[in-house]
Every structure is written in C-alpha cells, then in structure tokens.
Amino acid sequence: MGFFDNLAASVSKTAREVSDGAKVMADKNRIRKEIASIENELRNRYRDIGQKFYEENKENIPSEYAELFDGIVALGDNLAAKQKELETIEGTVTCPGCGKQFAKGTNFCSGCGQTIPQPQVAAPVEQPQASVCPKCGAQVPLGGAFCTSCGNKMEPAAPAAPQAPAANVCPNCGETLAPDAVFCANCGTKAPGLD
C-alpha cells in the first residue's frame with residue numbers, strides 16, 4: 001500500500017470514529033431528555049395527588065399533616081395579599097371565577113361573565129377641626145402658624161365652639177364655593193345647606 005492508500009484508510013477510520021461518537025452522544029442526549037420528561041411527569045402526578053388529598057381532607061385534617069396544611073393556608077393567604085398588592089399598583093382587578101385581569105371599574109368578566117367585585121372605597125377620614133386659610137381656602141390644622149398649601153401666615157384664632165362650615169366653603173376639602181354652587185368643583189361634595 002502506498003502513502004495515499006494509508007492516508008485514505010486513516011481518514012476513513014477517523015471519520016467512522018467521529019460518526020460513531022456523534023451517534024453515541026445523540027443517543028445519550030435523547031435518553032437524558034426522556035428521563036427528564038418522565039421525572040417531570042412524576043412530579044406533576046405527585047403534586048396532583050397531594051392537591052387532591054389536601055382538597056379532600058382540609059375540613060378534617062389528619063393530625064400528622066396538620067403542620068403541612070397550616071403551611072398551605074398561610075401561603076395561600078400570603079399569595080392573596082401579594083396579588084391584591086400587585087392589583088393596586090397595576091390598577092387592575094381579578095375575576096374571581098376564571099382569574100382574568102381587567103382594569104379597575106370593569107363590572108363583568110368577558111371570559112366567564114361573572115360579576116367582578118369592585119374594591120371598597122374607604123370612607124373619607126374625618127379631618128380634625130381645622131381653620132380655613134383666608135388666602136387659598138385650604139384647611140389648616142387648628143393652631144397651625146402657616147398654611148400647608150400656600151405658606152400664608154395664619155392669624156391665631158381664639159378657641160371657639162365647633163360650628164358648621166361656612167356656606168361658601170366646601171366642608172370636605174375647604175375649597176371656596178361659588179355662591180350658586182350645588183357641588184364643590186374640586187371634590188364633588190354637595191354644598192352645605194342643600195341637604
């Protein structure tokens with residue numbers, strides 16, 4: 001055999017070894033992928049069994065599982081609180097029927113038709129007695145030396161018995177009202193004396 005014959009045989013042998021190595025590598029990767037898929041399916045089935053066990057026993061918790069059940073309840077409460085916190089930041093509400101999210105103010109779910117409960121608006125907190133700034137009409141806590149809105153120096157007032165707000169000042173926000181105003185243009189509160 002000549003030099004070229006030896007070279008061709010060597011190249012052919014190397015090519016077969018590389019091909020065999022690639023086939024072995026491909027077979028290993030295929031088997032690893034199948035193993036991962038089987039392990040994932042096992043985890044899913046264990047999870048499903050656990051969830052079914054929890055649902056069937058949450059009203060009559062077996063004593064040996066009490067700590068685990070309590071942990072699930074605590075995590076569920078924490079999750080609900082975090083979801084509400086996120087909804088507040090995003091300005092959304094979640095459908096209690098199907099879980100879809102909508103902008104606040106949406107009344108019905110477009111996915112399942114369920115009524116979407118609206119967030120409760122907190123009742124306005126009653127302001128402590130305050131005086132009204134003569135310059136801008138903002139409420140200033142009694143005893144305040146300066147208006148917190150415009151910086152106007154407030155004249156000290158002698159303590160007086162509580163009185164109804166002046167007819168030309170909004171009782172909610174302190175905005176000065178037009179003489180014929182029915183509602184405050186600033187906050188929408190009904191003008192005093194129209195109740």
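A helix, as the term is used here, is a DSSP run of H or I that covers at least four residues, and helices are numbered from the N terminus. The structure discussed here is a predicted model.

The overall architecture may be set out before the details. The protein contains two helices and four strands. Along the sequence, these elements follow the pattern α-α-β-β-β-β. The protein has 195 residues, of which 12% count as buried. Its accessible surface comes to about 15500 Å², and carbon and sulfur atoms account for 57% of that area. Among contacts between residues at least 6 apart in sequence, 10% join residues at least 24 apart.

Two packed helices are described by the angle between their axes and the distance between the axes. Helix α1 spans residues 3–57, and helix α2 spans residues 66–90. Their axes come within 12 Å and cross at roughly 95 degrees. Angles of 65 to 115 degrees count as roughly perpendicular, and α1 and α2 are therefore roughly perpendicular to each other. On the α1 side, the contact is made by Phe53, Tyr54 and Asn57; on the α2 side, Phe69, Ile72 and Val73 take part. Sorted by class, the contact of α1 with α2 comprises five nonpolar residues, one polar residue and no charged residues.

Asn57, one of the α1 residues in this contact, can be examined individually. Is Asn57 buried or exposed? The cut-off for a buried residue is under 20% relative accessible area; Asn57, with a relative accessible area of 18%, is therefore buried. When its neighbours within four places in sequence are left aside, Asn57 is in contact with Pro62 and Phe69. Phe69 is also among the α2 residues that make the contact between the helices.

The cysteines remain to be considered. How many disulfides does a search of the whole structure find? The search finds zero. Cys133 is itself buried, with a relative accessible area of 2%. Cys170 likewise counts as buried, at 2% relative accessibility.

Technical notes
Residues numbered from 1 in each chain as written. Predicted model: local features only at pLDDT ≥ 70, side-chain atom pairs only at ≥ 80, totals over all residues. Heavy atoms only, no water. Axes fitted to C-alpha atoms, helices over the stretch in contact; angles between N-to-C directions. Parallel < 35°, antiparallel > 145°, perpendicular 65-115°, else oblique. Contact = heavy atoms within 4.5 Å. Nonpolar A, V, L, I, M, F, W, Y, C, P; charged D, E, K, R; others polar. Disulfide = S-S within 2.5 Å. Buried < 20%, exposed > 50% of the residue type's maximum accessible area, 1.4 Å probe, protein only. Areas by Shrake-Rupley, 256 points an atom, 1.4 Å probe, with all protein chains shown as cover.
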